[in-house]
Amino acid sequence: MEADGKSLRGVDYSRIFTQAIDRLHVEGRYRVFIDILRNKGAFPNARCFAGHNGPKPITVWCSNDYLAMGQHPDVIAAMEEALHDVGAGSGGTRNIGGNTHYHVDLEGELADLHGKEGALLFTSGYVSNEATLATLAKILPGCIIFSDEMNHASMIAGIRNSGCEKHVFRHNDLEHLEELLAAVDPAAPKLIAFESVYSMEGDIAPIAAICDLADKYSALTYLDEVHAVGMYGARGGGISERDGVADRLTIIEGTLGKAFGVMGGYITADQTIIDVIRSYAPGFIFTTSLSPVLVSGALASVRHLKASSVEREGQQAAATMLKTMFAEAGLPVMNSTTHIVPLMVGDPIKAKKISDILLAEYGVYVQPINYPTVPRGTERLRFTPGPAHDEIMMRELTGALVEIWSRLELRKAA
């Protein structure tokens, strides 16, 4: 290997890597991390360090810590207690030294939350989706997976890694799903994979109707409740709890890093399925388990939100108010029936420009959402108002967006 980074055969690796990054800049898709620190106990207030002489106060509008549970005193106290009780790390995989009583307790609470026999913790929602879907399809001989076209990248990765036959149905399109189900071998194992709340569109799956099709065609169901757990249902069990259909679903998957405010992912199902995934999924077997400090915080959060609806009600009220303000101001707010408030831009460069102006001039932090997270031409800003975003903050945000829309001569709502 020569000193300039080229191989003896003349492959210019540095040029290839540089061109890959350059393409993202040209397309307006190059992503920049914003250097911030949240102010404990004062969320959504934070401070930003990028491009300033010292920290600048900002308001965070794009956090997935939807209910600010990452700031809740019960959660913080539980994490501090665990830290001083057992130390920082887990010490290994769940099979080798990394299982603690905190993990066992949390899995019990999550199984109860969704009305299932068992639960299994993973290090993230991405891993829980990828590992479970890939493993399930490999265990079921000749399995065919039916996947909603708007499913998360982690679900797509799991389905791809399973190596099984797959069919993608149009988003929330029951007729198309049934058409695909009816066309395959009736004796083949089948799995329908979909989400409850689609986080970029803010819409909801027809869970009961999908379960009806699963019953009709003898299919298993896999529901990703990542953006709904903690947010919906009397105890925060998600849309499936709210709609009274949790018992009809084979597997319910969720995260601990969004409404529960900490970190991690999980699945819930009957005990046999949990045992299969625990015993066969490489993404579970060969990964160091979550720190007991994180598990303890998540445990406190789940228990709190099972008993308290104050945070959910406050968040829903905030989302409704912001949607109304955006619409009345003529801003192109997308139709959403959930806590997600997307504002359509339709161009990656303009979306990034709006985001930059908001941060630099108005102290507002919201990241642009570009391809591949959303299809090209549907780039947007995605706002997630929480129970602590008050009316004054919303009016200031709306005013800033109206000014920027006018300055950049952007299209307003039809």
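Q: Why is Thr93 called buried?
A: In this predicted model, the relative accessibility of Thr93 is 16%. The cut-off for buried is under 20%. Thr93 falls under that cut-off, so the residue counts as buried.

Q: Where is Thr93, and with which residues is Thr93 in contact beyond its neighbours within four places in sequence?
A: Thr93 sits in the loop between helix H2 (73-86) and helix H3 (101-114). Contact means heavy atoms within 4.5 Å. Setting aside neighbours within four places, the contacts of Thr93 include Gly98 and Asn99. They also include Ile285, Phe286, Thr287, Thr288 and Ser289.

Q: Why is Ser218 called exposed?
A: Its relative accessible area is 58%. Exposed means over 50%. Ser218 passes that mark, so the word applies. The residue lies in the loop between helix H7 (207-216) and strand E10 (219-224).

Q: What is noted about phi of Ser218?
A: Phi of Ser218 is near 55°. That is a positive value, and the residue is not glycine.

Q: Why does Glu409 count as exposed?
A: Glu409 has a relative accessible area of 72%. The cut-off is over 50%, and the value is above it, so Glu409 is exposed. Its place is in the segment after helix H14 (391-407).

Q: Which residues of helix H9 are buried, and why are they said to be on the same side?
A: Helix H9 covers residues 271-280, and Ile273, Ile274 and Ile277 are buried there. Around the axis they cover an arc of only 100°, so they share one side of H9. An α-helix has 3.6 residues a turn, so residues three or four places apart point the same way.

Q: What lies on the other side of H9, and what do its buried residues pack against?
A: Thr272 and Tyr280 are exposed on the other side. The buried residues pack against strand E4 (118-122) and helix H4 (125-139). Strand E11 (251-255) and strand E12 (265-269) are also packing partners.

Q: What is omega for the cis bond from Tyr371 to Pro372, and where is Pro372?
A: Omega is near 10° for this cis bond. Pro372 belongs to the loop between strand E15 (368-369) and strand E16 (380-383).

Q: How many helices and strands does the chain have, and why is the chain called as compact as a globular protein of its length?
A: The chain has 14 helices and 16 strands. Its radius of gyration is 22 Å, and the globule rule gives 22 Å for 414 residues. The two values are close, so the chain is as compact as a globular protein of that length.

Q: What share of the chain is buried, and what share of the contacts between residues at least 6 apart joins residues at least 24 apart?
A: Buried residues make up 52% of the 414 residues. For those contacts, the share is 70%.

Key: Residues numbered from 1 in each chain as written. Predicted model: local features only at pLDDT ≥ 70, side-chain atom pairs only at ≥ 80, totals over all residues. Heavy atoms only, no water. Helix = DSSP H or I, 4+ residues; strand = E, 2+ residues; numbered from the N terminus. Rg over C-alpha atoms; globule rule 2.2 N^0.38 Å. Buried < 20%, exposed > 50% of the residue type's maximum accessible area, 1.4 Å probe, protein only. Arc of directions from axis to C-beta.
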